[in-house]
2 protein chains.
Amino acid sequence: MRLRTVFTDSGESRAQVRIDGQWYTSSASEVASLLTQPDWRSTLGGQVGAGSAERVAPVVLNPTKIVCCGHNYRAHIEELGHPTPQFPTLFAKFADTLTAWDSDIALPGPAESVMFDWEAELAVVVGAELRHADRDTARAAIAGYTVANDFSVRSWQRRTPQWLQGKAFDATTPLGPELVTPEEIDPADGLRITCRVNGVQEQVGSTDDLVFDAPELLSYISSFTTLRPGDLVLTGTPGGVGTAHKPPRYLCGGDVVETEIEGIGVLRNRITAAST
Amino acid sequence: MRLRTVFTDSGESRAQVRIDGQWYTSSASEVASLLTQPDWRSTLGGQVGAGSAERVAPVVLNPTKIVCCGHNYRAHIEELGHPTPQFPTLFAKFADTLTAWDSDIALPGPAESVMFDWEAELAVVVGAELRHADRDTARAAIAGYTVANDFSVRSWQRRTPQWLQGKAFDATTPLGPELVTPEEIDPADGLRITCRVNGVQEQVGSTDDLVFDAPELLSYISSFTTLRPGDLVLTGTPGGVGTAHKPPRYLCGGDVVETEIEGIGVLRNRITAAST
């Protein structure tokens, strides 16, 4: 099963569901709302026409929580020269960071000073309320998986010991294009995750290389805070980020970044120069 | 002018405004909603009766953003042995962390292992949308000031390089009891901020000792993300936290913590043992 959120011609948002290769529109305003309706199959309306001008939105529009895990792929941890962590390194993002799978992303300043870097990530959407959940309960509460790029402003990320300000620029985290449910796919099977810049593969990893996998992260997070339908957990990035190049390689206006997870989907974002 | 949010007998929330020493109830569901209505004075209903059983809630119930600044009081920075920072150290909290000014706060585990510590803070509530705001614009967008305690689970805060998990336990950040508007009070005048544990003063500072004051913080945050009415900025804690004691001193079940800012108000929270 695949789900997505779209903006209609009239500017409203709607959840859509793919059945037998065709998209159907729901009365729910986005995927997160759909997930809160146990009988959501009954809300499905007509099939989406082939000529529809609808625009695909981020899978969820306004999660109350986005929790991100750093240092989670073994290969990326080795690249950074760190030991395998005992606990997940967690930080938050705001819903304002989210943008569509095909959005242009504006550099938040001159390319040479902002040091804008890519981070391909597997994103998990929560489907049920979780608090003090064990691993099995957490696993059962996963609504599905999608693709994110946690684009990072390294210069701001490094201004202070806390990463937030380099990770929280509005509209810098593309998310989508679709949510794929756990019946269809399991990251534990090892899905290939890649990031290409102007067609050149920069990152490659496998989703079975996570120190803390999706059920483990949701369980851990639920030990201190409540997760709810539509909340988002970003599971970290594999090796190959720009800052680990020797010398470092950061994004410039005109660069095109493709972020792909096998069996889930691909993001395609053009980087544009800062507005003056 | 003073504003607060209350829960009524029927479980609804309402904003209230104090005029000439008396509280009046608004039709707005909380202070954040009130702030979005330019004509909110016209929504005021009857005076609140003296025998009312209403319970004071956190000043804002569901901010989309809570941004906290660490290492901001010069005295606390010296206590930690750090140099004066060039940029504010920022991290996020979730709305679920908020609790009422007089709530009991449950330790999230055995006292000796969680290392639960106090952090008295001046909290700023945003009153208008801000993006790329200069200092004067940011100052004009401050709805008012209130009191917070950023109670911190030091053991979790130190598990990884990012503090979030030690700062994001549900219902551990009391906020209130009232919002005081900038016409009535200015932290730049130097308001005394204190934290007492079982009547013993542990923290004392002055709100004119901030490296980054409220307008500066709002302006800086707005350079990467949008702030909106009801959003919350916590400005950091003065010297005297428990972890800086030699040996460190952490909270136990039964301790009573009072957090006070001169001219704004006082929080009074009893710490309770972890539920088994």
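**Entry 1: the sheet in chain A**

I take two strands as paired if DSSP finds at least two bridges between them. The model I consulted is a predicted one. With that criterion I looked up an open sheet in chain A, and its 5 strands run in the order E9-E19-E18-E15-E16 with mixed pairing. I noted that strand E9 (105-106) and E16 of chain A stand at the edges; each has a single partner strand, so one side of each lacks a neighbour in the sheet.

I then examined one pair within this order. Strand E18 (residues 256-261) and strand E19 (residues 265-272) of chain A pair in the antiparallel sense, over 6 bridges. Which residue is the bridge partner of Glu260(A) in E19(A)? I found Val266(A).

**Entry 2: Val200(A)**

I placed Val200(A) in strand E16 of chain A, which covers residues 200-206. Is Val200(A) buried or exposed? I recorded 7 C-beta neighbours inside 10 Å, and therefore Val200(A) counts as exposed, since the cut-off for that class is 12 or fewer. I also checked Val200(A) against Glu258(A): the two are 58 residues apart in sequence, and their C-alpha atoms are 9.5 Å apart in space.

**Entry 3: domains of chain A**

I read the domain assignment of chain A, which gives domain 1 as 2-56 and domain 2 as 66-272. The C-alpha centres of these domains of chain A lie 25 Å apart. Their contact draws 8 residues from domain 1 of chain A and 11 residues from domain 2 of chain A. On the domain 1 side, I listed the elements of chain A that give two or more residues: strand E1 (2-7) and helix H1 (31-35). By residue class, that side of domain 1 of chain A divides into 5 nonpolar, 1 polar and 2 charged.

I turned to the largest nonpolar core, which has 159 residues. Which of its residues touch the most other members? I noted Ala123(A), Leu218(A), Ala123(B) and Leu218(B). For Ala123(B), leaving aside residues up to four places away in sequence, I listed contacts with Tyr145(B), Thr146(B), Val147(B), Ala148(B), Leu175(B), Leu232(B) and Leu234(B).

I next followed Leu218(B), one of the buried residues of H7(B). Helix H7 (residues 214-222) of chain B has 8 of its 9 residues buried, so the rest of the structure largely encloses it. Besides Leu218(B), the buried residues of H7(B) include Ala214(B), Pro215(B), Leu217(B) and Tyr220(B). What covers them includes strand E6 (66-70), strand E11 (120-126), helix H4 (135-140), strand E12 (142-149) and strand E17 (232-234) of chain B.

**Entry 4: the two chains**

The contact takes 27 residues from chain B and 27 residues from chain A. On the side of chain B that touches chain A, strand E7 (89-93) and helix H6 (164-167) of chain B are the elements giving two or more residues. Of these, E7(B) gives the most, with 4 residues. I divided the residues of this side of chain B into 15 nonpolar, 8 polar and 4 charged.

Conventions: Residues numbered from 1 in each chain as written. Chains lettered and ligands numbered in written order. Predicted model: local features only at pLDDT ≥ 70, side-chain atom pairs only at ≥ 80, totals over all residues. Core = buried A, V, L, I, M, F, W, Y, C linked by C-beta atoms within 7 Å. Buried ≥ 20, exposed ≤ 12 C-beta atoms within 10 Å, placed from the backbone. Contact = placed C-beta atoms within 7 Å. Domains from an automatic or database assignment. Nonpolar A, V, L, I, M, F, W, Y, C, P; charged D, E, K, R; others polar.
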